[in-house]
Amino acid sequence: MNILVCVKRVPLTGGKINLTPDEQAIQTRHLGFTISPHEECGAEEAIRLVEQHGGSSTVLTLGPPEAEEQLRDMMAIGIDRGIHLLTDGTEWDPQATAAAIVEAIRGDEQAYDLILFGNESADAGNYQVAIRVAHALGLPCVNGIKAISVDGDRVRCEQEVAGGRDVYVVAVPAVVTVKEGINLPRYPSVPGRLRAKRKPVAVSTPARPESRLEMVRLVLPEGSSKQAEVLGRGAEAAPSVVQVLQEIGVV
Amino acid sequence: MILVFVEDPTDELSQQAVAFARGMEEEIEAVTIDEGAEYAPATWARTLVARIEQRSPSAVMAPGTDRGNEVLAHVGAMLGQPMAANCVSVTPGDPASVLRVRWGGSLLEEAAVHGAPLLLSTAAHVVAAGPIGDVETLPVTADASELDQMVRVVERVPATTAGVSLTDADVVVSGGRGVGSAEGFAVIEELAELLGGAVGCSRAVTSAGWRPHSDQVGQTGTKISPEIYIACGISGATQHMAGCKGAKRLLAINPDGEASIFASADYAVIGDLHEVVPAISAEIRRARGG
Amino acid sequence: MLIAAVVLAAALAVSATLFATRVRYLLALLRSAAPVRRDGDVPRRVRNEATIVLGQRKLLQRFGPGLIHAFIFWGFLVLAPTILIAFIGVVDKHSTLPWLGHQGWFAFLVDLFAVLVLVGVLAALWIRKVQRPERFKGSHLGEADFILALIATIATTLLLWQACRIALGLNEWPASSAPASDLLSHLFARDGATRVLERVFVWAHVITILTFLAYLPRSKHLHIASAAFNVWYGRTGPGGRLEPLRFDDPDVPEEEIRFGAGTAADLTWKQMLDTFSCTECGRCQDACPAFATGKILSPKLLVMGLRDQVFADGGAIVRGRRGEGPGEGAAGAGAGGGTAALDLAALVPGAVPEESVWDCVTCGACVQACPVSIEHVDHIIDLRRHLVMVESSFPAEAEPMLRDVERGSNPWGRAQSERADWAADLGVRVLEPGDPAPEYLYWVGCATSFDDRARRTAESTAKLLRKAGVDFAILGPREACTGDPARRMGNEYVFQAFAEQNVATLNEAGVTKIIANCPHCFNTLGNEYPDFGGDYEVIHHSELLSQLVREGRLAPQRSEGLSITYHDSCYLARHNDVLAPPRELVAAVGEPVEMERSGKQTFCCGAGGAHMWMEERAGAINSERVREAAATGAQTLAVACPFCAVMLDDGVQGAGEDLRVVDVATLLVESIEGA
């Protein structure tokens, strides 16, 4: 089966987020970059499904030239080829992102049985790109999945809910968004990394449409600096802690 | 008029969404989908779209839950309109402006929404839940296409794990890197059991293989809202804090007085969890007279 | 006489052939192994041969057993010409070696050393059979007994032969020259029985020697030949430097890149020679902190396991290579570019249990203890390299560290933007691109920057440097992890990326001198970065601080009654010979008291070899060390390494000891500021 995984390059924030002076972006000068955790699990799932059922996998990203690093990372753990939709680094809103992805899929010589996304991206968290892509392509979309199994042309998907799991069964081709925890992504081998350097990446530069959900500026939430009441140091603090717990009513 | 999609009238987050809408000082109409209908996101969205076309609301709101966001995103795709997920506040206008959550809550975005109706889901725990008032139950629409109906719940698998669930627990005791090993969680489990709570952990712990992902609290794990969250040996990375923002109170136990978690904590104990946590457990037993 | 000559010739031919075929096979194995450069620094190598081989220096680290071995070894050097004397004597009982065979002094030496050899053998047997030390656990004692028996037979038959010759009047030197033989000669009358015995003893002597010759290269006694070479080809550079791998050699096709040791075919010729030289003496096992705390790892068993695998796969290795270039040879790797796919067993877990590979803390105590210059740490690192880089197989708890180093530039999962937070109010210059280079670049290191306990050292060091008016700066967020934890885990690829990045940063900034407070940074920056174009003068903070004290630029006040015991960091003392400067600081602020295992004999804190991020699967190394420190009665445990600080403090807290773990820099700052 042919599987497409869509990923996004995001910074690795630490304990505190700092903004650029113009409030248009996070200050990433000393930050490393990675892929949203849900999406990394999506790539791992794609690789496992191809290992099980044969076929090939593709990783796609809409992002700046540096995002090639993320494509190569996914190819290092086993994805076969990459698609890089180049941007200049500015944000694209969910509708624009979905439209660019749809165009790339339509223009691709390969037909995909499964298109995997993360449930939401780590940074913008818009929760909608996959759904919009599915609508544009006339495909069913299942969200927030923690287990996938394929049987012939049917995909069985499990979603965690209170009290258990809800199960969906859809026919391929389908769009599925996954959540971290569906698997544990493998650690890349060095031969894998070296091979990844030579795997093909198709690069194109889609035209950026007008933003419908237009970011005006970024703002740090208030109250991000509380003054914690220090109950004590070490084991001596235990009585004070228990007092607090009693006041709350949990002891 | 604001149309509010209520995922579950008994759920706190749906109640918060209604309260959020009420704060807009417009007429509101709260709807939910037929309880008997199995969940089918596109079908439910189509049902809402039918009501939207009927009633032409200025805005459509939903709780920022997994399903609330999912259904609303389908609505946005069906209508070809932008959708702003997890909003903290709204300023009506042309275009409307929202303040919405990024990075699980560690950052906010001010965005202009160029679309109508204004589609937005409400961020959790921004507005207190109020009485939900009247909620109309809509039957599933007959307009749902074959494609719409393809994605629906066909089976429910009951949970195999016993014990308190993270999402329901009043008390969650979590361990991070500082715990040091899988066995080290014994003291955390002990305290959680004494308090009738659940055990959580940070992403570093699941990556290290010490606890399953189902215990992970964080932006890509479970988002919890207990009465008190006790974070042991957790430094306070933003992706973890995104998971516990809903906690009413946060007690942080960490040997590093400068750890960033203390900036979000209500109570602090500076010390090693391997000393502090057993001491708390012992003190609880003593207080209970045993 | 003719018959005797023919029989001797025949026996010699058989023995020599057996010897030669085996040696040829061993040489073929070595030639088929992966390459490594072990040339250069000839004067040092000559010195090593003289002291370690001839002088038995490393063996004498344990004086009793060392002396025993020295007797036997020197004995065999002295007795070597007696082999020829015996060969001549077996053919013609009236002949001997020209000149030497007639020298009374030589006869005396022969006598003396033959006796010493026997004394040595008896003492060795007593140790092995009566005392039964732990280090022999796992060794092939039966084989050792057989070899000791052969040696004893050679010495005994020689003495008895000499005794008979004296009794028969055949000695070419005065009987009193050889007192032992002379004494024994009284057992024999000058008669026909003795004439027969004389022939019996000389033939027994010769046959035993020839048997030994054939047996030698097939047993661990091979060490008598291989050890001399192994010592010659031993490392001459700093102990802490690991040999880099090359991933981008244009002459090596991708399928043939060596990613460490996956099968026996991947071992370098030095590593193979190591396995040929092991005598199973167990001194490495005794020195190993992992073994001492109940873990599976024994450096001795590791080398023995590898040796056995080399011989199990030897035929295939020699056939498969036939002079072609190095290759992976891993099972299932697939044929690529002409190298035959060698379906060899994986070294891990085949020859070496997986757990033992990860137990190692790379302290180097084993390498230091080994009398024949086996380099166990290099073996373990190469095994790790293959496991991590090819199999992606390593303890799960280390994965977050590897990912954090690679993507976040430090192993703690913290944002680099916060790296200089410790320096916030200390007036420390943070070097930005384009700034003029400081005299010293203070390399703070990841642990010291981010760990709450180690951070104090940075604060103390900065205060002291400022007080002494030293011109220094830090890189702040631009200081990325040196890559040491990744390298010690075996991820050479990630390490090299950081080496190159840091070298570029340092070179662009015009840095020439670096102060490091972490011995791991110190070791990597000073000993390993030169392989990547980074040549800096790197000093440990204790070295600079003790120099400043000596120059009077810092004036500590000694506290009477403050007893301090100093723990030597493995990467500082053993790998890099920095022993005195931290001790000078300790002596300047209080009353030093030494632990028994100190200096280069130090006992690891347990954090090396990336163990700061791995769990210990048996007893705790740090607790063992804390016990030793507490036993000195000192109130303060001084360290010069952030890992040691954290590990030992954990140990102290766990044991409930009343011992303050503190860096020498902090001790110094406290003694200057007063309270």
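A residue counts as buried under 20% relative accessible area, as exposed over 50%, and as partly exposed in between. The model described here is predicted. Over all chains, the structure holds 82 salt bridges.

**Domains of chain B**

- Chain B comprises domain 1 (2-138) and domain 2 (171-287), and the C-alpha centres of these domains are 33 Å apart.
- Contact between the two involves five residues of domain 1 of chain B and six residues of domain 2 of chain B.
- About 500 Å² is buried between domain 1 and domain 2 of chain B, with 53% of it on carbon and sulfur atoms.
- On the side of domain 1 of chain B that touches domain 2 of chain B, there are one nonpolar, four polar and no charged residues.
- Zero salt bridges are found across this interface of chain B.

**Salt bridge within chain A**

- A:E158 and A:R156 form a salt bridge in which the closest N and O atoms are 3.5 Å apart.
- A:E158 is buried at 17% relative accessibility, whereas A:R156 is partly exposed at 27%.

**Salt bridge between chains C and A**

- C:E254 pairs with A:R198 in a salt bridge, with 2.6 Å between the closest N and O atoms.
- This pair links the loop between helix 8 (223-232) and helix 9 (269-277) of chain C to helix 5 (residues 190-198) of chain A.
- C:E254 is partly exposed at 27%, and A:R198 is exposed at 57%.

**Salt bridges within chain C**

- C:R558 and C:E560 form a salt bridge at 3.4 Å, N to O.
- C:R558 is partly exposed because its relative accessibility is 40%, while C:E560 is exposed at 63%.
- Salt bridges with shared partners join C:R258, C:D382, C:R385, C:D484, C:R487, C:R488, C:E492 and C:E528 into one network.

Notes: Residues are numbered from 1 along each chain as its sequence is written. Chains are lettered from A and ligands numbered from 1 in the order in which they are written. This is a predicted model: local features need pLDDT of at least 70, side-chain atom pairs count only at pLDDT 80 or more; totals for chains, interfaces and linings use all residues. Side-chain values use heavy atoms; hydrogens and water are left out. Domain bounds come from an automatic or database domain assignment. Contact means heavy atoms within 4.5 Å. Buried area is the accessible area (1.4 Å probe) that two parts lose on being put together, summed over both. A salt bridge is a side-chain nitrogen of Lys or Arg within 4 Å of a carboxyl oxygen of Asp or Glu. Ala, Val, Leu, Ile, Met, Phe, Trp, Tyr, Cys and Pro count as nonpolar, Asp, Glu, Lys and Arg as charged, and the others, Gly among them, as polar. Buried means under 20% relative accessible area, exposed over 50%, partly exposed in between (1.4 Å probe, protein chains only). Helices (H or I, at least four residues) and strands (E, at least two) are DSSP runs, numbered from the N terminus.
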